[in-house]
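Here's a quick tour of one model, looking at its pockets and at a group of aromatic rings. Have the viewer open as you read.

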Amino acid sequence: MTSPRVLCLGEVLFDLLADQVGRSYEQVESWTAYPGGAPANVACGLSKLGTPSAFIGCVGRDEVGENLLAVLRAEGVELSGVQHHATAPSRQVYVTREASGERSFAGFGERDTTQFADAFLAADALPVPLFESADFLVLGTLELAYPQTHSAVQRALKLCEQNFVKILVDVNWRPMFWPDPAQAVQPIRELMAQVDYLKLSDDEAQWLFDTADPGVIAHRLGQVEGVLVTAGERGSAYYLGGNEGRLPAFPVRAVDTTGAGDAFVAGLLHQLCQHPVSQLDDHPQARQLVRYASAVAALTTTAPGAIAAQPKAEQVTAFLQQFPER
């Protein structure tokens with residue numbers, strides 16, 4: 001079996017999407033479960049595109065956890081880094097939807113955010129051999145909300161340093177995952193100081209840096225190879241290898257935007273695994289990398305479910321041929 005080139009550490013969960021669009025949580029009558037969780041989404045997106053990936057996280061010893069792992073396994077994601085918690089359940093989150101396809105996270109039902117298995121990833125059980133052969137580690141920031149999993153993140157960062165694994169962080173700000181959202185900024189800033197690539201939404205960029213300009217953010221961070229700022233239907237901006245630019249969004253009919261940012265990350269990393277990082281010095285090449293990532297994200301919004309809607313490489317290629325650059 002090919003060694004995973006990208007490790008995705010964090011949460012896997014079921015998004016319980018509202019069947020009734022445009023209603024509040026209290027008004028929704030029924031929900032449909034779709035597998036998700038940002039790191040798991042990225043792992044599946046990479047595997048579908050043809051880049052070997054692994055998921056590292058913790059699930060409960062329950063039917064929900066087994067069903068989630070079955071989805072990842074079916075997509076070809078390496079699961080030797082998955083841990084099982086004896087008592088904490090696998091996470092599920094309720095998601096309401098607007099007619100535009102935009103979604104809002106509406107909570108965890110009767111459970112507190114700290115009670116789910118992904119809050120208990122053990123640092124001493126991380127799969128060291130996977131770090132020895134990987135090229136990239138993908139992290140979100142939700143894991144920083146829980147002390148035990150935060151410690152596992154810290155050990156993963158050390159393993160990356162020891163094995164020359166590059167780190168991509170997608171901020172993926174979700175206040176409801178934090179017991180006290182006011183305590184989030186400091187650990188997020190500390191994590192960003194250790195990354196090679198940073199992906200943010202425009203709102204997250206404004207929140208953390210008071211600007212959505214990726215070049216300015218890269219300058220403030222110092223030794224960073226890439227900063228990507230996405231803005232949904234308003235497109236994206238990038239700083240890669242010293243090159244800066246902006247790209248419009250592809251014109252698609254969005255059905256569900258859940259996982260679009262994760263698909264963007266998967267598309268970007270797939271391209272980074274295909275092309276030497278040294279090619280980022282070439283502006284057209286850097287732009288094409290971001291254009292490819294944008295296409296993967298656009299296609300993912302055209303059907304429900306963060307993983308189910310992710311495209312394969314041939315679909316992305318065909319899609320891009322419909323929109324030749326002028």
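## Ground rules

This is a predicted model, so local features need pLDDT of at least 70 and side-chain atom pairs count only at pLDDT 80 or more, while totals for chains, interfaces and linings use all residues. Residues are numbered from 1 along each chain as its sequence is written, and side-chain values use heavy atoms, with hydrogens and water left out.

## The largest pocket

The largest pocket holds about 1,300 Å³ of space. Here a pocket is an open set of points on a 1 Å grid over the protein atoms alone, where a 1.4 Å probe fits, with protein on both sides within 12 Å along at least five of seven lines; lining residues have an atom within 4 Å of a point. The volume is the space filled by probe spheres set on those points.

Its lining runs to 50 residues, with Glu102, Arg103, Gly232, Thr257 and Ala260 nearest the centre.

## The Phe rings

Twelve aromatic pairs turn up in the structure; rings of Phe, Tyr and Trp (its six-membered ring) pair if their centres lie within 6.5 Å, and planes under 30 degrees apart count as stacked, over 60 as edge-to-face and the rest as tilted. Phe108 and Phe116 make a tilted pair, 5.6 Å centre to centre with 50° between the planes. Phe108 also pairs edge-to-face with Phe177, at 5.1 Å and 85°.

Phe105, Phe108, Phe116 and Phe177 form one aromatic cluster.
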